[in-house]
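Welcome, and thanks for opening this model. Please take a look at the fold, and then let us walk through its strands, helices and rings together.

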Amino acid sequence: MAKVIAGITMSLDGYVTGPDDRPGAGLGEGGERLHHWVFGGPWTYDSPRGSPAAVDQDYLDDVFGSGGAWIVGRTMHDVVDGWGDDPGFGVPVFVVTHRPRETVVKGDTSFEFVTGGIDDALARARVAAAGKNVIVMGGADVLRQYLAAGLVDEFTLTIAPVLLGAGKRLFDGITRTDIAFERTAVIESPFATHLRFRVDLGDE
């Protein structure tokens with residue numbers, strides 16, 4: 001059965017970006033260290049990047065191979081400049097936003113801008129996914145909204161062993177405390193630990 005799955009990387013001190021995340025530096029000052037696991041070590045925004053370690057590549061292949069559509073927030077989309085001229089995602093991406101914009105197609109990836117909220121975006125993503133999983137990519141605000149609404153079935157919190165000192169926190173402002181996280185796997189890699197959970201609401 002198709003699921004809604006989400007994941008994000010967080011520092012040891014609880015930040016999912018460094019301070020001053022902006023176009024050209026989507027992870028904020030020093031935030032590149034969060035994604036050493038994605039690129040197999042240190043990287044920069046304006047230089048060639050490496051490849052993940054085998055264990056991280058297996059995790060990425062498992063998650064993204066299961067997805068038929070993605071959901072992202074407008075801030076995440078904008079700070080990475082829509083992932084360039086040809087993102088190569090190969091699936092439709094639904095952008096949750098308050099600012100209308102026409103659908104954009106780049107190569108094999110389409111970006112549909114949804115102003116009707118998270119439920120509308122999810123409904124459209126489910127149709128587009130055609131029986132495959134829907135992946136909530138983030139950023140923090142959109143992921144937090146989906147968790148609080150009880151719409152996420154599986155969640156991976158990737159812990160990067162770094163301290164950022166400031167930035168954005170994933171759970172700031174969340175009011176629900178009845179969300180249960182049942183750990184289903186722990187995946188250790190050279191640069192991070194992936195904690196995989198099944199998500200339940202306390203009243204279900």
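Predicted model: local features only at pLDDT ≥ 70, side-chain atom pairs only at ≥ 80, totals over all residues.

## The middle of the sheet

Ala-6 has Val-136 of β7 as its bridge partner. Strand β1 (residues 4–11) runs parallel to β7 and is joined to it by three bridges.

β3 also pairs with β7, again in the parallel sense, over five bridges. Here Val-72 finds its bridge partner in Gly-138 of β7.

In what order do the strands of the open sheet lie? There are nine of them, arranged as β5-β6-β4-β3-β7-β1-β8-β11-β10, and the pairing is mixed. β5 (104–106) and β10 are the edge strands, each pairing on one side only. Ignoring direction, neighbouring strands of this sheet are turned by 25° against each other on average.

Val-104 stands opposite Phe-111 of β6. The hairpin of β5 and β6 has two residues between the strands, and Gly-107 takes a positive phi near 60° there. β6 has another partner in β4, which runs parallel to β6 and is joined to it by four bridges. Phe-94 stands opposite Glu-112 in β6.

## Helices on the sheet

Which strands does helix α4 touch? This helix (residues 118–129) packs on the sheet and touches β1, β3, β4, β6 and β7, with its direction at about 160° to that of β3. Helix α5 packs on the sheet as well, touching β1, β3, β4, β7, β8 and β10, and its direction makes about 130° with that of β7.

α5 spans residues 140–148, and its buried residues are Ala-140, Val-142, Leu-143, Arg-144, Tyr-146 and Leu-147. An α-helix has 3.6 residues a turn, so residues three or four places apart point the same way. After α5 comes Gly-150, with a positive phi near 70°.

## Aromatic pairs

A search of the whole structure turns up nine aromatic pairs. One of them joins Trp-70 and Phe-89: the ring centres are 4.3 Å apart and the planes meet at 35°, so the pair is tilted. Trp-70 belongs to strand β3 (residues 67–73), while Phe-89 sits in the loop between α3 (74–79) and β4 (93–96), so the pair ties together parts that are 19 residues apart in sequence. Is Trp-70 buried or exposed? Trp-70 counts as buried because its relative accessibility is 8%, below the 20% cut-off. Phe-89, at 21%, counts as partly exposed. Trp-70 and Phe-89 also belong to a cluster linked by ring pairs, together with Phe-64, Trp-83 and Phe-111.

Another pair is made by Phe-155 and Phe-181, whose ring centres lie 6.0 Å apart with planes at 55°, so this pair is tilted too. The pair links distant parts of the chain, with Phe-155 in strand β8 (residues 154–160) and Phe-181 in strand β10 (residues 179–188), 26 residues apart. Phe-155 is buried, at 2% relative accessibility, whereas Phe-181 is partly exposed, with a relative accessible area of 33%.

Arg-196 lies in strand β11 (residues 193–201). Why does Arg-196 count as buried? The relative accessible area of Arg-196 is 17%, and buried means under 20%. The side chain of Arg-196 makes a polar contact with the side chain of Asp-62, at 2.9 Å. Leaving out residues up to four places away in sequence, Arg-196 touches a set of residues that includes Tyr-59, Asp-62, Val-63, Phe-155, Thr-156 and Glu-182. Among its other contacts are Arg-183, Thr-184, Ala-185 and Ile-187.

Key. Residues numbered from 1 in each chain as written. Heavy atoms only, no water. Phe/Tyr/Trp six-rings, centres within 6.5 Å; stacked < 30°, edge-to-face > 60°. Buried < 20%, exposed > 50% of the residue type's maximum accessible area, 1.4 Å probe, protein only. Polar contact = N/O pair within 3.5 Å; in protein donor to acceptor, adjacent residues only side chain to side chain. Contact = heavy atoms within 4.5 Å. Pairing = 2+ DSSP bridges. Axes fitted to C-alpha atoms, helices over the stretch in contact; angles between N-to-C directions.
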